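Me: I am new to this structure and would like to go through it step by step. Could we begin with the overall picture?

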Amino acid sequence: MPSGARPSPSGDGPSPSGDGHCRLVDRPSRSDDSPSGRTESRSGRTESSGRTESRGRTEPGSRPEPGSRTESGHRSAAGSRGESPVRPQPSARKDPGEDGGAWDDGLIARRVNENGEGPAVVEVRGSVSPDAAPLAYDGMLRSRLDALRELVGLSRTRLDSRTLAEAGRVLDEAAARRRLSGQHTVVAIAGATGSGKSQLFNALAGVAISETGVRRPTTAAPIACNWSDGATPLIDRLGIPSRLRRRPLQSPEAEAQLRGLILVDLPDHDSAAVVHREQVDRILKLVDAVIWVVDPEKYADAVLHERYLRPMAGHAEIMFVVLNQIDRLPGEAADQVLDDLRRLLDEDGIALGEYGEPGATVLAVSALSGDGMPELRECLGQFVTERGAAARRVAADVDSAADGLRPVYVTGRRTGLSEEAREEFAARLADAVGATAAGEAAERAWLRNANKACGTPWLRLWRWFNDRGESATGRLPLRTQADEEATARQRVEQAVRTVAERASAGLPAPWALAVREAAVRGAQGLPEALDELSAKAGLPPGRPPRPGWWPVAVLAQASMTLLQVVGGLWLVGQIARVVAPNLGVPVLLMIAGIVGGPIVEWSCRMAARGPARRYGQEAERRLREAAAGCGRARVLDPLAAELLRYREVREQYGRVARSRAGVG
């Protein structure tokens, strides 16, 4: 019997059942004297490798004897003759009651030659077993995924696609994994060239599935081996073709221990072939867990630690680190190397699962001699049985995405636009539109109107004549309207820059840039809008309003003027001998009018200061409010909207960065 083959009980064969499946029943078999020791029955053929082939599928609940396997569909004897298996016509494959002729996840093993040299070729076909229950996440993980999705949606217009690419990938992979089986755990075996990962893969599978040898690299493409049915969609997701899918040769006890495991042997992560490294990087993002295989010579390799272990430090709970080839180490050297490996992992930031703490499992084994393999198989079986690796992987990916996004959402500084900054911005705009000067001008206009109403006519005439006859020589040149508009525009731009800097202080760079851009957009057309508002909210057209005492003051000033006129005419009449001479009365009348006019004017001026000041202050207030309202609508509100958006994404990021979740 070839090495590695297990004998199967003779006489076992499938029997059609009423539900379209096949049951294993005892049938008499005909033996021939073929050199390969093969026995054939009517319904199938049992080979020396310990496997029975038949049509259909083994009925759920029935199990072949240890060492035997049942296949769906017919294949011609391939045995040691090396013949290619021949697939029958669809009409010959279909049993009564069976819907279609799909292949089950079965085992077809062929030896390269009769001496057992070379690896066994094991093929897996699609499964027709009932669909496995999809993966379920618990409430915490679902909440974090929803928050991450909302975070990405709110940030698409503020952050570039490269920054959000990893978060988007995590969301896509989490959704894709959730639709697939939650009863299977996909574990990848990764390692460097010559670490013995393919040898470890074969030791776990119990059969030489993955080729081993001194040629480097040996593994050129990922190979999958699954321990139970229903794994096809998960393997399809990894992009592994059907010709590289295998089933293990195991006893029922060993198979039950690893039921639900999908083991993937990866190419070397340090392979000279670029396509091999790309395959490793691609599949490592899709599997539920990873077994890192290191050897005593390359366990401290910088490529492994810097490119893979350190970036994956947050995935420690779904990570195994296996020191292989300990049979090459004498005495206590294996323990020393293992302790040094733990030290390096600790420096990489990988938590070690020791003393009941969650973290990576570190083991020392020899796939060649079998030392430590039972412990690895037990740890792996317990890990798979928990059915929590997929959710822990998704949670670790969310943590990794949150860590990558932290610089664009968190700075550790207080953010926002203070009330002091708002008031300063409004004051700068008021200065730009000349609110203070407008108030002073309104006050002067009110006083000037009061002087016109209450002043003596002779003084007003003198002032008019003086202003009219004064030469322009020696006067300071007045600023043109263009200069004033340029100065006002510069003040507005300076006010916008200052408030934008205040609002963006403490924000991450992308959000600070968004705030400044919003301020720049709001500043466009702001000077023109302020000019229009100042024209509308400035001095009202016409004369300022008059208080109630103005008519009395006007009447008093008119009386003083009348006294002067009467006294003067009286004196002229006396000089012309029209009126009897009497100097006392006209002189007193003239003196009363001359002295009383300025007194009335001064009294009116004193009384007009209060109303004039209030009138100027009211004009200044209206202009300040108009400027502040315009600045608020065009600049402050867009800034507040950007800050509010940042606060929203900051809250969503806080939900994403919370503690991990598990399976629901």
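**Overview of the chain**

Me: How many helices and strands are there in the chain?
Reply: The chain has 19 helices and 16 strands; helices (H or I, at least four residues) and strands (E, at least two) are DSSP runs, numbered from the N terminus. This is a predicted model, in which local features need pLDDT of at least 70 and side-chain atom pairs count only at pLDDT 80 or more, while totals for chains, interfaces and linings use all residues. Residues are numbered from 1 along each chain as its sequence is written, and side-chain values use heavy atoms, with hydrogens and water left out.

Me: What percentage of the residues is buried?
Reply: Of the 664 residues in the chain, 46% are buried. Buried means under 20% relative accessible area, exposed over 50%, and partly exposed in between, with a 1.4 Å probe and protein chains only.

Me: Now H8. Which of its residues are buried?
Reply: Helix H8 covers residues 302–309, and Leu304, His305, Tyr308 and Leu309 are buried there. Seen down the axis of H8, the buried residues fall within an arc of 110°, so they line one face of the helix. The arc is that of the directions from the helix axis to the C-beta atoms.

Me: And what covers them?
Reply: The cover includes helices H7 (274–284) and H9 (333–347), together with strands E14 (289–294) and E15 (319–323).

Me: Which residues touch the most other members of the largest nonpolar core?
Reply: They are Leu200, Leu263, Ile291, Trp292, Met319 and Leu341, in a core of 75 residues. H9 gives the most to this core, with 7 residues. A nonpolar core is a set of buried Ala, Val, Leu, Ile, Met, Phe, Trp, Tyr and Cys residues joined through side-chain atoms within 4.5 Å.

Me: What is Ile291 in contact with?
Reply: Leaving aside neighbours within four places in sequence, the contacts of Ile291 (heavy atoms within 4.5 Å) include Val187, Ile189, Leu200, Leu263, Phe320 and Leu380.

Me: Changing topic: how many residues has H19, and where does it bend?
Reply: Helix H19 (residues 584–656) has 73 residues and reaches 103 Å from its first C-alpha to its last. H19 bends by about 50° at Arg632, the bend being the angle between axes fitted to the seven residues ending there and the seven starting there.

Me: Last one: where is Leu563, and what does it touch?
Reply: Leu563 is in helix H18 (residues 550–575). Not counting residues up to four places away in sequence, Leu563 touches Leu589, Met590, Ala592 and Gly593. Leu563 is partly exposed, with a relative accessible area of 26%.

Conventions. Expected span 1.5 Å × (residues − 1).
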